[in-house]
Amino acid sequence: MKTFSSHSTAGSTLIVVMVTMLVVSALVGVALNVTTFNARMAQHSVVRAQEIAYADGVLESLFDQWRQALTTTTNTNDRNNGLTNAELQSILTVPTSSQLSPPPNVTLVSWSVQAADPLLSPLTASTATPTPENGTKSSLISRLNYLAAVTVQSSAPGSSGTVTVQRNFVRGGRNFFANFMFSAQPITEFHPGAPMYVNGTCYIGGDLYTATNNLHFLQDVSFTGSQYLTYRSNDPHAITPTITTGGLGDNWNLANPPHVGQSQKLFDVPFTSLDPNFTDDPISNDVDSDGNPNNNGYHEIIEEANTAYPDVLQLDPALSERLVNSADYRIYVNSANAVSIYKGTSTTPLLATSAEYVAINAALTTNTALYDQRQGDNVRTVSVNVGTIASAYSAGTITDNVNGNDGLTLYIADTSYGTSVSTKLGATTVTSSKSRAVKLTNGGKLPYNASNGTGFTVVSPNAVYIQGDYNTGYTGATKPATDTATTYTPPTVNPSPVVVGYTKAPAAVIGDAINILSNAWSDANSTSSGPSGNGPAATSTTVNCAILGGTVPTSTSSYSGGIENYSRFLEDWSGVNFTIYGALAPLYDSEQATGTWSSARYSPPNRCWYYDSLLQDSNPPGFHVARTYERGIRVIR
Ligand SMILES: [Ca+2]
Ligand SMILES: [Ca+2]
Ligand SMILES: [Ca+2]
Ligand SMILES: [Ca+2]
């Protein structure tokens, strides 16, 4: 029974084994087929990946050449409209096998870079250039698309024929003032002595030093170098940083702390074409290093070119990064206070009897001075009554005649900087030993063209003083809420920076250094140390414009003053507000207003700093859209 049972069991076992073998062999058969299929697929994938990688390499080479061709063309038409298909065809070459060796068995079948329309349909005519995207945003106006395609094939086993990789090459535009702060200085320091809130994105093209818990970044902060939670090593501050490692929750968003970001550009002139002595940090070596006076840092944007030398800022016959070349009027004052005015690009001065000369000259007051403790000098100023300019502009007496309806740009230079002159401080005759400046007064309402939304830019190679509210609608009797707010409670309370009914003009003020004088300022009072010893008392003041200017970098004997003092103060601002809605761009070392920062004789205001999103899409007059070059969507067929 046992044996039978055993046999019976054995028989059952045999059947089980046989069934199992059948199932296993069937499974093995399936597995073998799958493995063969997978192997073929894997080989196919490897070959395809090699083909795509090679095509990508060829596309990269074409992209570099395309970008180079568009950035270096000196033909105005080509710079504006892009290169034609035929021009590109003659410029672009595919890399040789020694430059980019193809994978085994992979060969290039064809390539093309063609002008396209905004929907990325290629335009085939040899004379075709891309159809611009246009639009009202200045960052879109110059946007052009090219369609690039590279087809390769492999003769390797497993290849399924050709592969085409296609990308669009996009020339875009970037508005100058896409950030609240754009620093082109290699080192940016930000050490406010009292709580300070920065309500706009900050871009630091270099290293960022933040050492105090007083600093509050409310929006994104990026830098291209490093962030140091301390003072720079040669900073004579010699105090212990108070910032907490990583920041507290109210120093910045802990989920988005200051971080390394992509390099951004403001100008079409590359940073690398500038004289390195003017783009490193020490101001002590700011002397021409290469015999060319036209490349001495971004300070060149407020200077005029010396025509005997090459000019890296003159990108083509029609496009210069020098703001003087965008000026609708150029106003020069000499040591004897004689005023010459040129319209547009004319080399002949306006007659003193012409309506334009009379209108502009009526806005100017020459040969008065203010005392600037930081400079230790009586600064002789050319005062510009901005309201008078605005009236002449709206009456059509002076016009926007350069740069195709971009608004009104004035270039104002006192050419006698560096010389000693006699001048008047109030009723007193004083000597201005070397300092010259432009002072903007009565700037409550700026020149503004309501029909196209363009505004007002003032540029000077001298220092600039903005006296009182600027671009707020201020009339003395009527003030914006930022000037009347009696409590300072950032970041939750944001009073309006304009008088009800006033439309801000896109505006910029650019100079060797930018100084802010309050609504209470008087030149005659400027020598007064005031009741506190910290200068005459200031009253709350609001300035709504982009500010581009210079700094005096930190040395072992003096702190730069940091970004918190980038706009310079001369008064006792304690307890009152200085509000700015605009953008800040510290771009260069000051060359005229080189007095070093000192906390003596001024007290800082409540600094209420906001980005003006108006500038996001509306450049102030004189500023071009910087061209960007990007690869677009990648399609593989
Ligand atoms: Ca330097
Ligand atoms: Ca140079
Ligand atoms: Ca120069
Ligand atoms: Ca203009």
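This is a predicted model: local features need pLDDT of at least 70, side-chain atom pairs count only at pLDDT 80 or more; totals for chains, interfaces and linings use all residues.
Reader: Happy to. What is the mean pLDDT of the chain?

Author: pLDDT is the predictor's confidence in each residue, from 0 to 100. Here the chain has a mean of 91, with 92% of its residues at 70 or more. The stretch to treat with care is residues 1-25: pLDDT stays under 50 there, and the model has zero contacts beyond four places in sequence for it.

Reader: Thanks! Back to Ile412. How many residues does the largest nonpolar core have?

Author: A nonpolar core is a set of buried Ala, Val, Leu, Ile, Met, Phe, Trp, Tyr and Cys residues joined through C-beta atoms within 7 Å. A residue is buried if 20 or more other C-beta atoms lie within 10 Å of its own, exposed if 12 or fewer, and partly exposed in between. The largest core here has 113 residues, and Ile412 is among those with the most contacts inside it, together with Tyr411, Leu440, Val464, Ile466, Val509 and Ala546. Strand E30, residues 577-589, gives the most to this core, with eight residues. There is also a second, separate core of 24 residues, including Leu70, Leu92, Leu147 and Val165.

Reader: And the domains: what separation do the centres of domain 1 and domain 2 have?

Author: Domain bounds come from an automatic or database assignment. That assignment divides the chain into domain 1 (2-174) and domain 2 (181-617). Taken over C-alpha atoms, their centres are 50 Å apart.

Reader: Now strands. What does E15 pair with, and in which sense, parallel or antiparallel?

Author: Strands (E, at least two residues) and helices (H or I, at least four) are DSSP runs numbered from the N terminus. Two strands pair if DSSP finds at least two bridges between them. Strand E15 (residues 329-333) joins strand E16 (residues 339-343) through five bridges, running antiparallel, and Ile331 stands opposite Ile341 in E16. Five bridges also join E15 to strand E19 (residues 408-414), this time parallel, with Val333 opposite Asp414 in E19. E15 is mostly covered, as four of its five residues are buried.

Reader: Which strands stand at the edges of the four-stranded sheet?

Author: That open sheet has the order E1-E2-E3-E32, with antiparallel pairing. Strand E1 (106-116) and strand E32 (626-636) each have a single partner strand, so one side of each is left without a neighbour in the sheet. From one strand to the next, the twist averages 20°; the axes are lines fitted to C-alpha atoms, with angles from 0 to 180 degrees between N-to-C directions. Within the sheet, strand E2 (residues 144-154) and strand E3 (residues 162-174) pair over 10 bridges, and Ala148 faces Arg167 in E3.

Reader: Which residues should I look at for phi?

Author: Most residues other than glycine have a negative phi. Asn367, found in strand E17 (residues 364-372), has a positive phi near 65°. Asn471 has a positive phi of about 70°, and lies in the loop between strand E24 (463-467) and helix H7 (481-484). Asn337 also takes a positive phi near 65°, in the hairpin of E15 and E16, which has five residues between the strands.

Reader: Is Asn471 buried or exposed?

Author: Asn471 is buried, because 30 other C-beta atoms lie within 10 Å. Asn367 counts as partly exposed, because it has 16 C-beta neighbours inside 10 Å.

Reader: One more: where is Phe623 found?

Author: Phe623 is in the loop between helix H8 (614-617) and E32. Phe623 is buried, with 29 other C-beta atoms within 10 Å. Apart from neighbours within four places in sequence, Phe623 is in contact with Phe176 and Ala508.

Note on methods:
Residues are numbered from 1 along each chain as its sequence is written. Chains are lettered from A and ligands numbered from 1 in the order in which they are written. Two residues are in contact if their C-beta atoms, placed from the backbone, lie within 7 Å.
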